[in-house]
Structure formats: structure tokens, C-alpha cells
Amino acid sequence: MSATAKAEPDQLTGDADSWYLPGSDIHDKAAPDTQIQSQWDQHKFDMRLVNPTNRRRLSVIIIGTGLAGASAGATLGEAGYQVKSFCYQDSPRRAHSIAAQGGINAAKNYRNDGDSVYRLFYDTVKGGDYRSRESNVYRLAQVSANIIDQCVAQGVPFAREYGGLLDTRSFGGVQVQRTFYARGQTGQQLLIGAYQALERQIRGATVQMYTRHEMLELIVVDGRARGVVVRDMVTGEIETHFADAVALASGGYGNVFYLSTNAMGCNVTATWRAHRKGAYFANPCYTQIHPTCIPVSGDHQSKLTLMSESLRNDGRIWVPTSGADKRDPREIAESDRDYYLERRYPAFGNLVPRDVASRAAKAVCDEGRGVGPGGLGVYLDFADAIQRLGRPAVAARYGNLFDMYSQITGEDPYRVPMRIYPAIHYTMGGLWVDYDLQSSIPGLFVAGEANFSDHGANRLGASALMQGLADGYFVLPSTIADYLSLGPYDPVDATHPAAVEAVTSVQDRIAKLLSIQGTRTVDSFHKELGRVMWEYCGMERSEEGLRKAVARIRELRKEFWSDVKVLGVADDLNQALERAGRVADFLELGELMCIDALVRRESCGGHFRVESQTPEGEALRQDDEYAHVSAWEFGGEPSAPDSPGFGDMPKPILHKEPLEFDYVHLMERSYK
Ligand SMILES: Cc1cc2nc3c(=O)[nH]c(=O)nc-3n(C[C@H](O)[C@H](O)[C@H](O)COP(=O)(O)OP(=O)(O)OC[C@H]3O[C@@H](n4cnc5c(N)ncnc54)[C@H](O)[C@@H]3O)c2cc1C
């Protein structure tokens with residue numbers, strides 16, 4: 001009998017609430033009980049310090065060298081702790097953060113246009129559709145200004161105005177200009193700054209760098225995170241590393257959708273392995289769809305390309321008024337164009353938040369008014385901007401993005417409007433953390449895109465770089481120090497039973513993957529999983545679709561573990577094996593994402609449930625029932641290949657963290 005025929009009907013049609021076990025409510029206990037404006041200062045004062053001579057006896061493992069990991073590594077190294085830093089690329093500088101284009105937010109109010117820490121806080125809570133924790137967001141807004149100072153001091157070449165002051169532009173969901181940028185390469189320039197700071201510590205031997213090492217397991221000893229199992233990706237050797245604390249800065253999991261704007265290597269393994277060891281996974285279904293990406297061009301594509309949101313400062317988005325109008329866009333008169341964002345959201349126009357812009361693009365394409373092959377595209381038009389500013393000014397602002405677009409599509413965006421369509425871009429979900437960025441496993445800290453903390457159900461543009469650097473430069477160095485002040489913890493080595501168990505499980509899994517020798521490639525599973533996720537857990541989600549998705553993912557996981565073909569050997573460079581491990585984790589994560597989406601029967605931010613919308617088609621939150629973070633506890637190992645329920649995951653356990661809004665009061669989000 002095929003795996004398809006074996007799907008359990010009650011799991012497909014039963015009450016979705018029976019697909020998980022209810023757990024107890026959780027609360028963030030780390031933020032001090034005081035006015036939000038003074039919480040962080042108060043907390044920094046309350047936290048314990050470690051004197052400089054004691055720091056060299058304390059150690060931290062950091063997984064990841066993107067903006068979050070590199071900034072944390074550099075700062076902790078500079079402070080004098082022993083840091084071990086890991087990444088899977090051949091250089092820390094190749095972390096996915098390098099791809100970030102448009103900019104980084106900070107409440108500097110250089111423009112004198114009404115910005116403030118409070119406004120950035122307000123915009124972020126509102127932009128996240130009231131599904132983030134106020135205390136964390138306020139702190140983020142507070143330290144945003146320090147980030148810019150730090151980066152300028154490092155020599156990051158931010159764009160400047162004629163007077164020498166740093167230039168800013170607007171991103172979606174706000175009415176001020178608070179986004180600092182370095183042309184369309186902001187992430188690259190920021191990462192070079194953080195990387196140089198990290199390299200300085202590497203040379204000073206406070207940081208030991210392990211490139212081409214992939215973390216495959218977390219080692220938990222007596223309830224505390226104490227180490228990791230990594231695979232040397234060049235030799236295949238399995239190694240253990242130990243420390244007093246572990247920090248994951250391993251990025252987001254958007255590649256569960258296969259096609260996304262993320263770098264091809266981005267994956268969930270580090271956080272998913274920690275989740276399996278007890279770290280709660282928060283709001284996994286909150287993913288961000290970015291409205292301005294180059295549309296999919298064919299079946300054999302493995303990557304989507306972002307056109308930065310900054311383009312919406314000067315580009316105007318439109319479709320023909322009539323779906324039957326197939327003329328060259330330059331021949332379509334103004335009166336026959338629908339600038340639908342400007343029409344529907346006059347206050348914010350083309351700069352509405354990403355979730356709103358993405359859904360609006362989908363709506364006009366669903367009406368049959370989409371442009372380009374397959375009708376899945378809308379125009380992003382610079383004709384007005386070029387006329388107003390001149391081509392050189394437009395090229396100075398966006399030249400590298402225009403070049404990228406023309407190299408990929410063969411069209412010249414200075415002459416013909418760009419065609420764009422929404423694509424998976426970022427994941428707001430991630431490991432649950434408290435105000436200290438500590439997960440539910442003591443000693444395991446999580447930073448950057450890997451945690452869930454600041455963006456609620458929808459991240460505003462240019463705030464991921466801000467969060468990664470806030471976490472790494474300013475938050476972790478204080479909160480990890482507080483944790484380490486109680487150390488050093490008891491020494492642990494590779495003979496500890498917890499380490500032996502972790503290494504054995506990694507070796508067994510690798511051996512199993514190599515032994516199946518089935519008929520399907522790893523990529524074919526990944527592609528199919530991605531299609532299921534995009535179709536049912538993408539821009540629009542429904543009860544019926546999500547049920548189908550869970551059923552299909554369960555089948556797919558069984559097929560994977562019985563029919564995948566992984567070529568090569570364990571003790572050598574083996575990219576098929578690397579990908580197989582990552583896809584195996586995506587197959588577990590995908591199911592949890594769909595269950596999370598299914599039980600959250602409301603629309604909020606990037607999570608749009610068709611059953612919960614206003615008569616105008618806007619997202620309709622259900623605050624009475626869902627103003628909480630969903631923090632999932634791992635339910636247990638899937639059943640073994642020789643058991644009847646082969647591959648089934650035990651029910652995950654749902655803990656809720658109620659969200660309180662004392663400062664930014666709950667209201668319907670409007671950008672009209
Ligand atoms: C095309 C694009 C453009 C963007 N533009 C912007 C922008 O303009 N502004 C903005 O604010 N945000 C932007 N973002 C989002 C932003 O770039 C990311 O959210 C952010 O850079 C993530 O940083 P990070 O440090 O958390 O993770 P990453 O930069 O993804 O780094 C992850 C690190 O973890 C390591 N790692 C992961 N797993 C393992 C493992 N198992 N073992 C060992 N190492 C591991 C990797 O090697 C890497 O070093 C953009 C995103 C994309 C895709």
C-alpha cells in the first residue's frame with residue numbers, strides 16, 4: 001500500500017484542536033515591572049556584571065555570523081569572553097545578511113519629520129498587527145540610534161546628503177523617513193563592519209572561528225544548553241564543542257517554501273534541533289511575503305530575487321484597469337491605469353506595509369488584471385520619478401537594483417516598468433525568547449531572525465537589520481553576561497552521556513539518510529514541500545487548505561524517509577547530504593507551521609485566513625481569542641520506520657503567552 005493510501009482520515013478531518021495538546025500559559029519574567037521607557041535602563045542596572053579578569057574563564061558558542069551573530073561575537077570577544085563562532089559558509093562574511101538591500105531603521109529624527117523612539121515603537125507594534133511583545137519592541141526602538149553610531153564609527157559608508165548628514169528614505173508602514181542606507185547594499189556594508197570587528201577578535205584570539213561547520217545538534221546537560229554537535233563540512237568529521245552558554249543566530253527558515261528571496265543555504269536546522277531538545281518554537285506560521293520580487297519565470301527556478309522595498313519610495317505600482325488590456329505598458333494612458341495602492345490607501349499609498357501590498361497585488365491578479373506571463377505580476381513604474389528627478393538621480397539611488405533587474409529579465413527598467421510579484425522573504429516566527437533573548441532552555445540564547453521576538457505577525461521593512469544588530473551589539477552582551485556571572489558551570493566533555501547521545505543521534509541520522517538509496521532526489525522533495533506550503537500556507541490560508549497541507553506533508557515525510565536518494569559518503573564534502581538533513585527538518589517544521597496556521601483562526605499581518613476578513617477584504621483580527629504568542633513545545637520523536645504509524649509526529653504542545661498592550665492600544669490597523 002502506498003504512503004498516500006495510509007494517511008489517517010481522522011487526522012485530516014477531525015477537529016483541528018485535537019491535533020495538539022494544550023500546555024500551560026507562559027510569561028516573560030525577565031522584563032522589569034516598571035514604565036516601558038525605563039525598563040531597559042533599569043534592567044541593565046539590575047543585571048549582574050562579570051569583572052574583566054573573570055570573563056576569560058567563561059565561554060560562549062555562537063552559531064551564525066550574520067549581522068546578529070557577528071555583532072554578538074565581536075562584542076563578547078571584545079569584552080574578553082572566550083567565544084567560539086560557527087558558520088556553514090567558507091567565510092563569516094558570506095552570511096545571508098550580506099544580501100540585504102534597502103536599509104536599516106533608526107529613530108534619529110535627522111529629517112525633523114516627527115520621528116521619535118516612541119513613534120518607531122508605535123509603528124512596529126502596529127505594523128506587526130499587535131502580535132508582538134511591547135517591552136521588546138520598545139527596547140529595539142531605543143537602541144536603534146546607538147546602532148547607527150556604532151556602524152558609522154566602524155566606517156560603514158551610509159549614504160549622505162549634500163550637507164554631510166546621513167541620508168534617509170522611507171519604508172512601508174510609516175510616514176517618516178527613518179531608513180538609513182548604503183545604496184542598495186546596506187546589508188553588505190553593515191556586515192563588512194561587523195565582520196571586521198569579528199576578525200579583529202579572531203586575530204586577538206578571543207574568538208575562535210569555525211567556518212564550513214554545520215551545527216546538527218544541541219547538547220543539553222542538566223537542563224542547560226552546554227554545547228553543540230557540528231559536522232566539518234569539508235572532512236565530514238563529527239565534532240563536539242562545549243561552553244557555558246550557547247547563542248543561536250542562525251537566521252530564518254523561509255526556504256521551507258523552496259522558492260524564496262533567501263540565500264539557497266538558509267535553513268532551519270539549528271533552531272529546529274534546539275526545538276527538538278526543548279526550546280519552544282513561537283508563531284511558526286508568521287512568514288513574510290515581500291510584494292516587490294521578480295516574478296517566477298519557470299519550473300526549473302530555485303531562487304527568487306528581491307527588488308528592494310526602497311523602490312517603492314519613487315516607483316508607482318499599477319495594473320491596467322481592464323484585464324483585457326494587453327498593450328505595451330508605455331502605451332497605456334493614465335486614465336486606463338489603476339494605481340491600486342494609491343487608490344485604496346491614500347494616506348500611505350505605495351508605502352503600505354508588505355502584507356497589505358502583497359495581498360493587494362494578489363487581489364488584482366486574481367481579478368485577471370495581472371501583467372506578464374501567466375498574469376502573475378504588477379508594474380512598478382519609474383517613469384514619473386525619472387521625469388521628476390532625472391535618470392542620474394534615480395540611478396544614484398537604485399542603480400544596482402536596476403542593473404540586477406535588467407540582467408535577470410533582459411528588460412531595461414529605465415525604459416519599461418518593472419514587473420513584480422510577491423514572494424516569500426522573511427520569517428517572523430522563530431524560537432521563543434524572553435526579554436533577555438533567552439529561550440525556554442536556560443543558557444540557550446537566540447538572536448536575529450532566528451528568534452520570534454520583535455515583529456509580531458508582520459515585519460516592517462528595514463527592521464530586520466535593526467533587530468539583528470540590536471540583539472548582537474547591545475542586548476546579548478548584557479543578558480548573556482548576567483547569565484554567565486553565575487558560571488563557570490561544571491565542566492562537560494565529549495564523554496558526558498548527553499554529549500554521547502547527541503553525537504550518536506547525529507551519526508545515526510546521517511547513516512540512515514545515506515542508506516535509503518531510494519529513487520527521488522532531495523530537491524524533488526523540497527520542491528514539492530515548497531509547493532504545498534506556498535499553495536496552502538502562503539499568502540492566503542484556509543481551514544480546508546491547511547488540512548490538506550498537513551495530510552500531504554505527513555505523506556511526503558514518510559516518502560522521504562523511505563525513498564530519498566542521497567549520493568556520496570559521510571566522511572567527505574557532500575552537499576546532497578547537507579541538503580537532505582535540512583530538508584528532513586523542513587518536513588517537520590512545515591507540519592508545525594500548518595498546524596499553527598490552522599489553530600489561529602484569525603487574520604493578522606502576514607497570516608491571512610480567508611475565513612476572517614472584513615467586507616472590504618482586509619485582515620480581521622480576533623483579539624479576544626488570539627492576542628497571544630503561540631509557543632510550541634516539541635511533542636516527541638516521530639515513530640520509527642518499522643512501526644505502524646511510521647513517521648507520524650506526536651502532537652505538539654501549545655503554550656500561550658498572553659500579549660498585553662498598555663501603550664499602543666489594540667485597534668484595527670488602517671493605512672487609509
Ligand atoms: C534579499 C533580501 C534583502 C533584505 N533586505 C533587507 C533590508 O534592506 N533591511 C532589513 O532590515 N532586512 C532585510 N532583509 C532581511 C535581513 O537580511 C535578514 O533578516 C537578516 O540579515 C538576518 O540576519 P541574521 O544574522 O539573523 O541571520 P543570517 O544573516 O541569515 O545569518 C545566519 C548565520 O547562521 C549560520 N548558520 C545557520 N545555520 C547554521 C548551522 N546549522 N550551523 C552553523 N551555522 C549556521 C549561517 O552560516 C550564517 O552565518 C533582507 C532579506 C533578503 C532575503
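This is a predicted model: local features need pLDDT of at least 70, side-chain atom pairs count only at pLDDT 80 or more; totals for chains, interfaces and linings use all residues.

Residues are numbered from 1 along each chain as its sequence is written, and side-chain values use heavy atoms, with hydrogens and water left out.

The ligand has 37 residues around it, and Q89, S97, G102, M215 and E449 come nearest; a residue counts as near if one of its heavy atoms lies within 4 Å. By class, this shell has 17 nonpolar, 17 polar and 3 charged residues, with Gly counted as polar. At least two shell residues each come from α4 (67-79), β8 (213-221), β17 (418-427) and α13 (464-484). β8 gives the most, with 3 residues. Helices (H or I, at least four residues) and strands (E, at least two) are DSSP runs.

Next, polar contacts, meaning pairs of N or O atoms within 3.5 Å. A polar backbone atom of G103 is 2.8 Å from a ligand nitrogen. Ligand oxygen atoms lie 3.1 Å from a polar backbone atom of Y88 and 3.4 Å from a backbone N or O atom of A249. Of the 1,000 Å² of accessible area that the ligand has on its own, the protein covers 98%, by the Shrake-Rupley method with a 1.4 Å probe.

Last, the helix. Why is α8 largely enclosed by the rest of the structure? Because 8 of its 8 residues, 269-276, are buried, that is, under 20% relative accessible area. Among them are W272, R273 and H275. After α8 comes G278, with a positive phi near 125°.

Conventions. A polar contact is a pair of N or O atoms within 3.5 Å; within protein, one must be able to donate a hydrogen and the other to accept it, and residues adjacent in sequence count only if both atoms are side-chain atoms. Buried means under 20% relative accessible area, exposed over 50%, partly exposed in between (1.4 Å probe, protein chains only).
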